[in-house]
Amino acid sequence: MSPRNRPPSKDRMATLDLLRLVAALAVVCFHYLFRGEIAADGHGLAYEYASGAAIYGYLGVHLFFLISGFVIAWSAEGREFSRFALARFARLYPGFLVCMTISFVVLWMIADPNLQVSIPQYIANLFMFSKALGQPFVDGVYWSIILEIIFYGWVAIALFFGVFERWKLGLLACWLLICAGNEFWLGNGAVKLVFITEYGALFVSGVLIHHIYAHGRTSEAVALLTASFFVSTASMSAGRDWMLDHYGQAVPMAGLVVSNIVIYGLLIGAVMLRSRLAPSRLVLMLGGLTYPLYLLHQNIGYLAIKGLAPVAGSWIAFAATTAVMLLLSWTIWRFIETPARRKIIASLAPFTDAISMRISRKPIPAPAE
C-alpha cells in the first residue's frame with residue numbers, strides 16, 4: 001500500500017491530534033487578538049471584546065509542552081537512540097525549513113519596517129539555533145521549538161546510555177529538583193536554558209502521565225506527578241512577570257492556577273477518552289497541520305491582518321487570515337512535510353542503524369517512523 005493510501009496507525013491517539021489543534025489555535029488567537037495590538041511588530045488593531053480571553057492563549061504553548069512529554073516518552077520506549085534521534089530530526093526540520101523560508105520570503109518582499117529580515121539572519125536560522133550565531137529568529141515563535149529540541153536531546157542521551165526506562169523516575173525527580181531550585185532560588189540563566197527549568201515540569205508531567213498510562217499507577221509516579229504539577233503551576237509566575245514587563249498586563253495568578261488545572265485535565269482526559277475517537281484521516285490531518293500552523297502564523301499573519309483590515313474590517317481580516325494560514329499549513333503538511341519526513345527516514349536509517357550497531361553491537365529493531 002502506498003504511503004498516500006496508508007490508513008492511520010491504530011496505535012495513534014486521535015484525541016492528542018485534536019488537543020494539538022486546540023493548543024495551536026489558542027496561540028493563534030493570542031497573537032492575533034491580543035499581542036497584535038500591543039507589540040511593536042504586531043498589526044496594531046484592537047479586538048477589545050476578545051482580547052480579555054485571548055490573553056490566555058499563550059498557555060497553548062504550555063499544553064504543547066505537556067503533550068510533548070507524553071508523546072516523546074511514548075516514542076522513546078523500547079527504541080534505539082539513533083532511531084529516536086532520526087525520527088525527531090525528520091519530524092522537526094523539513095517543516096521548519098519550509099515554513100521559515102516562506103516567512104523569510106514574505107517578510108523580505110513586503111519589507112515592513114517592524115519586521116525586517118536579512119540574508120545573514122536567514123542563513124543562521126537554517127541551523128535553528130540562530131541566536132547562538134548572533135541572529136534573531138525569523139519568527140518569534142521559534143523559541144519554543146528550541147526548548148523542544150533540548151528536551152529531545154536529553155531523551156536521546158538517556159536512550160544512548162540505556163537509562164531512559166531503567167532510571168526514568170529517578171531522572172525525572174532530579175530534573176524536577178533542578179527546575180524548582182533554579183526557578184525559585186538560584187535563577188541562573190545557563191541552567192534555565194540547558195535544563196528548561198521554567199517549563200521543565202510540564203515535560204516531566206507529560207512523561208509521567210505516559211508512564212502511568214503504559215505501566216500503571218505507582219505511589220512514586222503519582223507523587224512525582226503531583227509535585228511536578230505544583231512546580232509547573234508556581235513556575236507560571238515567571239511568564240506572568242514577563243507579560244507585565246512587555247505588555248503591561250497579564251493573567252492573574254488565580255487564573256493561571258485554574259488554567260494549569262485545565263491544561264492537565266485536557267491531556268489526562270484525552271488519554272482516558274482515547275478509545276472514543278478513531279484515528280481517521282481527518283483527525284490525522286488536523287493534528288498534522290498544527291506544526292506548520294504554529295511556525296507560520298505569527299509574522300505573516302500580522303502583515304495579512306494589517307493589509308486586509310482597512311478594506312474588509314478587522315474581524316473579517318482575522319477570519320480570512322486564519323483560514324488562509326490553515327489552508328497553507330495543510331498544504332505544507334500534506335505535500336511537503338510528510339513526504340520529506342518519510343524520505344529522510346528511509347534514506348538515513350541504514351546509516352544511523354550502522355552507527356547504533358557499532359556502538360551497541362546488537363541488531364536494530366524493525367524501522368518505525
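This chat goes over the aromatic contacts in a predicted model.

Q: What should I know about the model and numbering first?
A: It is predicted: local features need pLDDT of at least 70, side-chain atom pairs count only at pLDDT 80 or more, and totals for chains, interfaces and linings use all residues. Residues are numbered from 1 along each chain as its sequence is written, and side-chain values use heavy atoms, with hydrogens and water left out.

Q: How many aromatic pairs in the whole structure?
A: The search finds 33. Rings of Phe, Tyr and Trp (its six-membered ring) pair if their centres lie within 6.5 Å; planes under 30 degrees apart count as stacked, over 60 as edge-to-face, the rest as tilted.

Q: Why is Phe65 with Trp143 called edge-to-face?
A: Their planes sit at 85 degrees, so the pair is edge-to-face; the centres are 6.2 Å apart.

Q: Where are those two in the chain?
A: Phe65 is in helix α3 (residues 60-76) and Trp143 in helix α6 (residues 142-160), 78 residues apart. Helices are DSSP runs (H or I, at least four residues), numbered from the N terminus.

Q: Is Phe65 buried or exposed?
A: Buried, at 1% relative accessible area. Trp143 is partly exposed at 32%. Buried means under 20%, exposed over 50%, partly exposed in between (1.4 Å probe, protein chains only).

Q: New topic: which charge lies over Tyr152?
A: Arg88, over the face at 5.5 Å from the ring centre. The cut-offs: NZ of Lys or CZ of Arg within 6 Å of the ring centre and within 35 degrees of the ring normal.

Q: And what lies over Phe335?
A: Arg334, at 5.1 Å from the ring centre.
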